[in-house]
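Keep the sequence and the 3D view open while you read.

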Amino acid sequence: MCGLSGVILKVPDRIRITQYIEEMNNKIEHRGPDGQGVYYNQNIGFGHRRLSIIDLGTQSNQPMHYNSHTIIFNGEIYNFKQLRQELKLLGYCFQTNSDTEVLLTAYVEWGDECISKLNGMWAFAIHNRETNKVFISRDRFGIKPLYFMINSSNEFFFASEPKQLYTNSLKKVNTDTLNLYLLNNKEETTEETFFEGIKKLPAGHNLTLDTNTLQYSVAKYYDLESAESNSNFDTVFTSSIDLQLTSDVPLGLFLSGGIDSSLIAFYASKRSHQSLKAIHGRSIQKEWDESKYANIVANKCDIPLFETAPTENDFHDLVESTIYQLDEPFGSASILMQNNVMRKAAEQGCKVMLDGQGADEVFLGYENTFIVYFMNLMKQKRSAKIAYEFLRLKNHKVKRKALYNRLKTYNDKQISNFDINKYIRNNLIANNIPKLLKYADRNSMANSIEVRLPFLDHRVVEHGISLPVDQRIKHGYLKYHLRKNLVGKLPNSIVWRTNKFGFEAPEKNWLEPNRNLIINEINNNDYLAELVKQHNPNFDNLKTLWKYYNVAKWQTAFSLSI
């Protein structure tokens, strides 16, 4: 797990390239405190910051070279040991025990097609000096970030975080993205960022650049629409856990006491060859406090649990640090809570943490999924099933009357045109997952921690989305498929609990005492003050208040012009 910096100029200029790479690398020391390296070749510069996880010796430092190829890599290839054996049979020899060397060798052997063989998370760039090409790839679901831009001098840059590119951009805000966030609650787009000129390489895409002309092309290599799976959950999830427990440094996991983290805790506790630690972020608001559930699971799995509960006094420090770490505005103060639990994990010496992101999107765990579930049943005209499942909603905090009234607003055409599989894929590719992955990456790497996500092993995802919806929501329970896999493994109070809290921050305790200060900060921002005049946002809604405040602090933190 690391940080990347890259620049390709029109003409060779070692002094400029050196300056760019040094500036970019210095801004991401947090991503790689264990070492750094640089590579220069005519008009190309690569920089790397290393967080050592696998093969801790200096022999695995980057940039790494193989004949005419040079790589910088951020992420983990979990199946690197299997791939190394396959490559050895083809005649390759290895100098390290790292996944980086395996990845580079795989590219030398199979070219672009090596991507299909990888199980992991990655953003990497490989320079081929013979073809004068740079090949850049981002993993299937975009767990690891990759940003790029071409400046006014027609120079190409790529990086792990937007902050590395500020010195090379005009520091202008992308107002289209900003307004989508403020007025439409859109926190992440597929390719655009909150900065004018800075783009993202989309998840599941490769970028190939000609270093002579700086012309580049972007190609999609992974598509969930064609994904199929005949595997059973226990098989693919056990394999995912086994691969993601591979580490030469201490491991831990985040434990809320919900289904996703509890399932990871159970499997990891049975499969890990080293002792684990669990970290729990406890809310100081009683209605959001899940600590009793986390303790039940930790005790059952025999994993020591460490809690952290940020108070009102921690709010301002968390705001300042998290806004800088995240680079872009974020839609909820819960991201501050995430930063806080990452700090706690770092204090406990955990350099790798397992997290449960992806389970809600794949196995249908959000309360609002009931809407689309019933729309799907209505489309199929399954009236008996509708009645049966509707009666069982008493198990949830979902109010049946409110749900019924919402469903009545959809006409026959909307129902007949509804595609639940498209809705699920969109949550994975375009809506929920991209923003959650960005937050997890920035908050973890700001604390020099690698986060691994067993539910986003592509085999687990393909298994999940291949299941009929009726197996994922059943008997009034969300994520039914996961629950039934936990029966007999954890207490029923965990398996069948329905009071899903999410990762809630004590926004009321944090924002209300600071309301006047927050309103003043918003009003002192000319752009936001004008938006307030035009749209009259409801600042009694704490999430709306937070969004505007977040933007005001963000613009100040990065000295941006709107």
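## A hairpin and its strands

In the hairpin made by β8 and β9, five residues sit between the strands, and N154 takes a positive phi near 60°. Before going on, a word on where this comes from: the model is predicted, so local features need pLDDT of at least 70 and side-chain atom pairs count only at pLDDT 80 or more, while totals for chains, interfaces and linings use all residues. Residues are numbered from 1 along each chain as its sequence is written, and side-chain values use heavy atoms, with hydrogens and water left out.

Two strands pair if DSSP finds at least two bridges between them. Strand β8 (residues 147-150) runs antiparallel to β9, and four bridges join them. Y147 is the residue that stands opposite A159 in β9.

Strand β1 (residues 2-8) also runs antiparallel to β9, again with four bridges. Here V7 has F157 of β9 as its bridge partner.

Which way do the side chains of β9 point? F156 and F158 point one way from the strand (residues 156-159), F157 and A159 point the other way, and all are buried. "Buried" has a cut-off: under 20% relative accessible area, with exposed meaning over 50% and partly exposed in between (1.4 Å probe, protein chains only).

## A patch on the outside

Now look at the surface, where I150, Y216 and V218 form a nonpolar patch with about 220 Å² of accessible area together. Such areas come from the Shrake-Rupley method with a 1.4 Å probe, and for residues only the protein chains shown count as cover. Patches are built from residues with over 30% relative accessible area and no salt bridge; like charges are joined within 9 Å, and nonpolar side chains (Val, Leu, Ile, Met, Phe, Trp, Tyr) within 5 Å. V218 belongs to strand β12 (residues 216-220), and V218 is partly exposed at 38% relative accessible area.

## A covered helix

Helix α11 (residues 369-379) is mostly covered, with nine of its 11 residues buried. Those buried residues are T369, F370, I371, V372, Y373, F374, M375, N376 and L377. What do they pack against? Their neighbours are α12 (383-391), α13 (400-408), α14 (412-417), α15 (420-429) and α18 (469-472), where contact means heavy atoms within 4.5 Å. After α11 comes K381, which has a positive phi near 55°.

## Charged partners

How many salt bridges does the structure hold? There are 32 of them, a salt bridge being a side-chain nitrogen of Lys or Arg within 4 Å of a carboxyl oxygen of Asp or Glu.

| Pair | N to O distance |
|---|---|
| E188 and K438 | 2.8 Å |
| R282 and E307 | 3.1 Å |
| E320 and K553 | 2.6 Å |

Take E188 and K438, which form a salt bridge. E188 is in the loop between α4 (175-184) and β10 (199-200) and K438 is in helix α16 (residues 432-446), so the pair ties together parts that are 250 residues apart in sequence. E188 counts as buried at 7% relative accessibility, and K438 counts as buried at 4%.

R282 is partly exposed at 28%, and E307 is partly exposed at 30%.

Then there's the salt bridge of E320 and K553. E320 lies in helix α8 (residues 315-326) and K553 in helix α24 (residues 542-557), so parts that are 233 residues apart in sequence are tied together. Of these two, E320 counts as partly exposed at 46%, whereas K553 counts as buried at 14%.

Some charged residues go beyond pairs: R31, K144, E161, K163, D327, D441 and R442 are linked in a network of salt bridges.

## Cysteines on their own

A search of the whole structure finds zero disulfides, a disulfide being a pair of cysteine sulfur atoms within 2.5 Å. For C114, the nearest cysteine sulfur is that of C2, 18 Å away. C114 counts as buried, at 1% relative accessibility. For C301, the nearest cysteine sulfur is that of C350, 16 Å away. C301 counts as buried as well, at 9% relative accessibility.

Definitions and conventions: Helix = DSSP H or I, 4+ residues; strand = E, 2+ residues; numbered from the N terminus.
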